[in-house]
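Please look over the sequence and the model below before reading on. The briefing that follows is arranged by topic.

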Amino acid sequence: MTAVSADGTPLHVETHGPDDAPAVVLVHGWTCSTAFWAPVVRALADGPDGGHRVIAYDLRGHGRSPAPGPGGYSTRALADDLAAVLGATLAEGERAVLAGHSMGGMTVVAAADRPFVRERTAAALLCSTGVSRLLAEALVLPLAAGRVRSRLTRSVLGSRAPLGPVTPLGKRVLKYATLGPYAPPAAVAACARIVHACDRGVRAAWGGVLAELDLDTNIRELSAPTAIVVGTADRLTPAVHARRLAARLPDCAGLTELPGLGHMTPVEDPAAVAGAVRELVTAHLLAPQVTQESHTTSEERTA
């Protein structure tokens, strides 16, 4: 289906799994698409627990969502897009667990001060992400921390250089920058296909937004129970970001550090990410529902 954002940008949206199952909304990261979530979608939509209704969408300019016009690249636009998707896919009063990876996690934080989004969020998962100091703390370039490394990292994020077809060299570079040292070849190849498919102009425009990102003040607005997942070998958003989030969130539901994994945790260990989502669904969507049903039944017996 298509959801239309506040500025008229159409967003490609997919739903998987049973229509009457608990809802999960997946938000992918920079240069990715709904395809990035494929192994997590399979694990959640057809799980042994009866499955979830999994909603995934392409961020503007990614996948099958067209690039916005001038001025359409901002954290405000990301928040608008998430609100539009929730409005288009959730029934009146329905809540969901939101899971954002990288720029998708930043989207969840950016939208945390929106009353509509807060009302529809039962819990959240922030996966391999940060909300500020991305240039200062990225470890992709093997240089000492400081102005030179930050300046070079900025140039990489904002580069419009074409990535071209996927080659063995391209996969090695991508693996070094975004995956852990033990990532299987199939995971590397999948990530390379997805990242190389992103339009270079869109990549550069969003890279510019990431270079200036500062959502620190929004962290305290994310009042829903929020779990965090990060790989210990993440070079783009190292574990220092996850630890800072855990310390500042109003209701941190736990921090999981996955040994040896890089930035692409949903592809490197989809079972761990899907498991974290399931735990949030069980605790914050199913448990309150069971409690409410039990309370209603008790009242009926009393009457």
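Helix α7 is the element that gives the most to the lining of the largest pocket, with six residues. The model is a predicted one, in which local features need pLDDT of at least 70 and side-chain atom pairs count only at pLDDT 80 or more, while totals for chains, interfaces and linings use all residues. Residues are numbered from 1 along each chain as its sequence is written, and side-chain values use heavy atoms, with hydrogens and water left out. Helices (H or I, at least four residues) and strands (E, at least two) are DSSP runs, numbered from the N terminus.

**Pocket and cavity**

- The largest pocket has a volume of about 780 Å³, a pocket being an open set of points on a 1 Å grid over the protein atoms alone, with protein on both sides within 12 Å along at least five of seven lines, and lining residues being those with an atom within 4 Å of a point.
- Of the 33 residues in the lining of the largest pocket, W30, V156, A177, T178 and L236 are the closest to its centre.
- Two or more residues of this lining come from each of α6, α7 (168-178), α8 (185-196) and α9.
- By class, the lining of the largest pocket comprises 20 nonpolar residues, 12 polar and one charged, where Ala, Val, Leu, Ile, Met, Phe, Trp, Tyr, Cys and Pro count as nonpolar, Asp, Glu, Lys and Arg as charged, and the others, Gly among them, as polar.
- A search of the whole structure also finds one cavity of 30 Å³ or more, a cavity being a set of grid points where a 1.4 Å probe fits but cannot get out; for volumes, grid points are joined across faces, edges and corners, and the space filled by probe spheres set on the points is taken.
- The largest cavity holds about 40 Å³ of space and is lined by G130, V131, S132, D216, H241, R244 and L245, which divide into two nonpolar, three polar and two charged residues.

- In helix α6 (residues 147-157), the buried residues are R149, S150, T153 and L157, with buried meaning under 20% relative accessible area, exposed over 50%, and partly exposed in between (1.4 Å probe, protein chains only).
- Seen down the axis of α6, these buried residues fall within an arc of 95°, so they line one face of the helix; the arc is that of the directions from the helix axis to the C-beta atoms.
- R147 and R151 are exposed on the other side of α6, whereas the cover over its buried residues includes α5 (134-137) and α9 (200-211).
- Helix α3 (residues 103-110) is largely enclosed by the rest of the structure, because eight of its eight residues are buried, namely M103, G104, G105, M106, T107, V108, V109 and A110.

**Aromatic pairs**

- The count comes to two aromatic pairs, under the rule that rings of Phe, Tyr and Trp (its six-membered ring) pair if their centres lie within 6.5 Å, with planes under 30 degrees apart counted as stacked, over 60 as edge-to-face and the rest as tilted.
- The rings of F36 and W37 have centres 5.9 Å apart and planes at 80°, so this pair is edge-to-face; F36 is buried, with a relative accessible area of 1%, and W37 is likewise buried at 1%.
- Y73 and W206 form an edge-to-face pair, at 5.2 Å centre to centre and with 75° between the planes.
- This pair links distant parts of the chain, with Y73 in the loop between β4 (53-57) and α2 (75-89) and W206 in helix α9, 133 residues apart.
- Y73 counts as partly exposed at 23% relative accessibility, whereas W206 counts as buried at 0%.

**Individual residues and their contacts**

- H52, in the loop between α1 and β4, is buried with a relative accessible area of 3%.
- Not counting residues up to four places away in sequence, H52 touches H16, G17, P18, A21, P22, V24, L44, A45, R278 and V281, contact meaning heavy atoms within 4.5 Å.
- A43 lies in helix α1 (residues 38-45) and is partly exposed, with a relative accessible area of 24%.
- A43 and A274 are 231 residues apart in sequence but 6.5 Å apart in space, C-alpha to C-alpha, and, leaving out residues up to four places away in sequence, A43 touches A274 and R278.
- T15, in strand β2 (residues 10-16), counts as partly exposed at 44% relative accessibility and, leaving aside its neighbours within four places in sequence, is in contact with V54 and I55.
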